[in-house]
Amino acid sequence: MLSGRRLDLLDPSPLDVEIADIAHGLARVARWNGQTHGNHAFSVAQHSLIVETIFSRSNDATPDEMLMALLHDAPEYVIGDMISPFKSVVGGGYKSVEKRLEAAIHLRFSLAPHPSSELKDRIKKADTVAAYFEATELAGFSMTEAKKFFGQPRGITCDMLLIDPLPALEAQHQFIARFNAIEALRSQQKSGAA
């Protein structure tokens, strides 16, 4: 990692996880295999910001849940973004590495190693809404085709989202800024509970 950390993929340690490395990596990983309109690749960092925005608008989310939503694709800073059909072909090996990385990342930031199934479903719902808008605005899907794959979003419109692809450095900075804002909320919540 650029931070100087060395991350063991087979046994990742939370001590080797840094938010700067996550933001840097995700801002340089392209969603949709780079097959999107715009002057810049649409990054996983920007996608993560959109998912967290949708998740936080659609749910009475706690700061810990917001952070899990922001970090929902964080393992991709190491392993990249694979399209879903390819993930299913690769199978269990990919998933087990992804799960170990997710646990290390979550533990690094004092979260449960994995989201509960209920929280995972809520994050996936926000992820699917984001995918609908990404598909129609950036990846060349018709609305009919996107509805077939992702369903029709409710209560969220494209103008609520930062959908135009950002330069990598801007996506990286915005990801870190949102992480810091959520961390401030988490600190406030802990102070209030103490």
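This is a predicted model: local features need pLDDT of at least 70, side-chain atom pairs count only at pLDDT 80 or more; totals for chains, interfaces and linings use all residues.
A residue counts as buried under 20% relative accessible area, as exposed over 50%, and as partly exposed in between.

**First stop: helix H9**

Select Glu-183, whose relative accessible area is 24%, so that this residue is partly exposed. Arg-186 is buried, as its relative accessible area is 2%.

Remain in helix H9, which covers residues 168–193, and select Phe-175. This residue counts as buried, because its relative accessibility is 0%. Which residues surround Phe-175, leaving aside its neighbours within four places in sequence? Its contacts are Ile-19, Ile-22, Ala-23, Leu-26, Ala-45, Ser-48, Leu-49, Leu-70 and Leu-71. For a sense of scale, display the C-alpha atoms of Phe-175 and Leu-9: they are 23 Å apart in space, and the residues are 166 apart in sequence.

**Second stop: helices H2 and H3**

Select residues 44–58 for helix H2 and residues 63–70 for helix H3. Two packed helices are described by the angle between their axes and the distance between those axes. Here the angle is about 145° and the axes are 8 Å apart. The crossing of H2 and H3 is right-handed. To display the contact, select Ser-48, Leu-49, Val-51, Glu-52, Phe-55 and Ser-56 on the H2 side, together with Glu-65, Met-66, Ala-69 and Leu-70 on the H3 side. Among the residues of this contact, six are nonpolar, two are polar and two are charged. Ser-48, Leu-49 and Leu-70 were also included in the contacts of Phe-175.

The structure as a whole contains ten salt bridges. Select Arg-108 and Glu-18, whose side chains meet in one of them at 3.8 Å, N to O. Arg-108 lies in helix H6 (residues 92–108) and Glu-18 in the segment before H1, so the pair ties together parts that are 90 residues apart in sequence. Arg-108 is partly exposed, with a relative accessible area of 32%.

Next, select Lys-124 and Asp-127, a salt bridge with its closest N and O atoms 3.4 Å apart. These residues stand three apart in helix H7, which means that about one helical turn separates them.

The model holds seven aromatic pairs. Select Trp-32 and Phe-141, whose ring centres are 5.5 Å apart; their planes stand at 70°, so the pair is edge-to-face. Trp-32 is in the loop between helix H1 (19–26) and H2, while Phe-141 is in the loop between helix H7 (117–137) and helix H8 (143–150), and the two are 109 residues apart. Phe-141 counts as partly exposed, because its relative accessibility is 21%.

Phe-149 is exposed, with a relative accessible area of 51%. Lastly, include Phe-150: ring pairs link Trp-32, Phe-141, Phe-149 and Phe-150 into a cluster.

Note on methods
Residues are numbered from 1 along each chain as its sequence is written. Side-chain values use heavy atoms; hydrogens and water are left out. Helices (H or I, at least four residues) and strands (E, at least two) are DSSP runs, numbered from the N terminus. Buried means under 20% relative accessible area, exposed over 50%, partly exposed in between (1.4 Å probe, protein chains only). Contact means heavy atoms within 4.5 Å. Axes are lines fitted to C-alpha atoms, for helices over the stretch in contact, and angles run from 0 to 180 degrees between N-to-C directions. A crossing is left-handed if the near helix is turned anticlockwise from the far one by less than a right angle, and right-handed if clockwise. Ala, Val, Leu, Ile, Met, Phe, Trp, Tyr, Cys and Pro count as nonpolar, Asp, Glu, Lys and Arg as charged, and the others, Gly among them, as polar. Rings of Phe, Tyr and Trp (its six-membered ring) pair if their centres lie within 6.5 Å; planes under 30 degrees apart count as stacked, over 60 as edge-to-face and the rest as tilted. A salt bridge is a side-chain nitrogen of Lys or Arg within 4 Å of a carboxyl oxygen of Asp or Glu.
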